[in-house]
Amino acid sequence: MPATHDLLVEGRRRLDGLPGADPALEARVLLRRALGFTEMEILAFPDRPVSASGVRRYRRAIARRAARVPFAYILGEREFWSIPLTVGPGVLIPRPETELLVETVLALAGNGDETIAEIGTGCGAVAVALAKEMPGARIIATDISRRALLLARKNAARQGAGNIEFRGGDLFAPLRRAALQAGLDILVSNPPYVAESAWVLLEPEVRDFEPKRALVAGPSGLETIVRLVAGAPEFLKPGGSLVFEIGRGQARAVKALLKNPWTDVSLKHDLRGIPRAAAARLGS
Ligand SMILES: C[S@@+](CC[C@H](N)C(=O)[O-])C[C@H]1O[C@@H](n2cnc3c(N)ncnc32)[C@H](O)[C@@H]1O
């Protein structure tokens, strides 16, 4: 019967060299999950024998990871804005750089009772983070994917975020049905922005497991952003803000789109200095 230490070494070896993986950490977390042990138990009792069923569960998880299944899908969880969120196949795994959208919206918000819409909520990461930071806000979170909305609803319930309304449909269609009396204060989105031709170049974790519709916008990659920028003025209050994530290399094209009636256009950079989000105010 192998002991925990043997299994850790075995798992680490199996994941060694996997691009983007952290073999030591991933093997430890997968072992903990497979056995129901705490981190302390794994580290303090390296010679503890592991049951046959525990070994099977662990080896299955390691094999899936070695086959490039995203770590977050194997765990069924990903942290965003320090909030544990349930994630699963068919719905995009939230990325750390998307926290920039939350930061930007919070900086733009006034007293916290704003009406905010998020288009393309995925597993609900941005909407749930905003709902927790702004419990007095009205948040409308939309997605074209039913599977995404199911997961987002689950995450909102898990976090007790009661101030989010979920609506399905294409881009602005759900907002037309949302009874937005005075309009939105802020419209936020992490839209698909990958060009069709770039899809095959993405890591297998993304290309083979994450939903293409969540990432690819069309031939140029800018198609959804163009629709967002063109359609948002109808739903925003005068002086309201549009905040959205952009892809690497899209800053110049996005700035060119944000002309009249947009004002106060700014680009927000991620920790690596890459422009990652655009913000603009609707001129009054
Ligand atoms: C890049 S993902 C962002 C998910 C999530 N907000 C996040 O940041 O992790 C884009 C999301 O937009 C949704 N989406 C794609 N096209 C859409 C459309 N035309 N209308 C509404 N949602 C759309 C996808 O289903 C996906 O959940």
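Student: How do H1 and H4 lie to each other?
Tutor: The axes of helix H1 (residues 4–15) and H4 come within 9 Å and cross at roughly 15°, and H1 and H4 are therefore roughly parallel to each other. Angles under 35 degrees count as roughly parallel, those over 145 as roughly antiparallel, those from 65 to 115 as roughly perpendicular, and the rest as oblique. The axes are lines fitted to C-alpha atoms, for helices over the stretch in contact, and the angles run from 0 to 180 degrees between N-to-C directions. Helices (H or I, at least four residues) and strands (E, at least two) are DSSP runs, numbered from the N terminus.

Student: And what should I know about the model itself before going on?
Tutor: This is a predicted model, in which local features need pLDDT of at least 70 and side-chain atom pairs count only at pLDDT 80 or more, while totals for chains, interfaces and linings use all residues. Residues are numbered from 1 along each chain as its sequence is written.

Student: Back to that pair, which residues of H1 and H4 meet?
Tutor: From H1 come Leu7, Gly11, Arg14 and Leu15, and they meet Val55, Tyr58, Ile62, Arg65 and Ala66 of H4. Sorted by class, this contact of H1 with H4 has 6 nonpolar, 1 polar and 2 charged residues. Two residues are in contact if their C-beta atoms, placed from the backbone, lie within 7 Å. Ala, Val, Leu, Ile, Met, Phe, Trp, Tyr, Cys and Pro count as nonpolar, Asp, Glu, Lys and Arg as charged, and the others, Gly among them, as polar.

Student: What about H2 and H4, at what angle do they pack?
Tutor: Helix H2 (residues 23–35) and helix H4 (residues 52–66) pack at about 140°, with their axes 8 Å apart. That angle makes H2 oblique to H4. On the H2 side the contact is made by Glu26, Ala27, Leu30, Leu31, Ala34 and Leu35, and on the H4 side by Gly54, Arg57, Tyr58, Ala61, Ile62 and Arg65. These residues of the contact of H2 with H4 divide into 8 nonpolar, 1 polar and 3 charged.

Student: Switching topic, how is the chain divided?
Tutor: There is a domain 1 (4–67) and a domain 2 (88–282), with bounds that come from an automatic or database domain assignment. The centres of domain 1 and domain 2, taken over C-alpha atoms, are separated by 36 Å.

Student: Which residues around the ligand come nearest?
Tutor: Of the 22 residues around the ligand, Pro94, Gly120, Gly122, Asn190 and Ala214 come nearest, where a residue is near a molecule or strand if its C-beta atom, placed from the backbone, lies within 6 Å of it. The shell around the ligand has 12 nonpolar, 7 polar and 3 charged residues.

Student: Which helix gives the most to that shell?
Tutor: H11 gives the most, with 3 residues. Helix H7 (125–133), strand E4 (138–143) and helix H11 (212–215) each supply at least two residues of the shell.

Student: One more thing, which peptide bond is cis?
Tutor: The bond from Asn260 to Pro261 is cis, with omega near 15°, and Pro261 sits in the loop between helix H13 (251–257) and strand E10 (262–269).

Student: And what is phi of Arg68 near?
Tutor: Phi of Arg68 is near 75°, which is a positive value in a residue other than glycine. Arg68 is placed in the loop between H4 and helix H5 (71–75). For background, most residues other than glycine have a negative phi, and most peptide bonds are trans.
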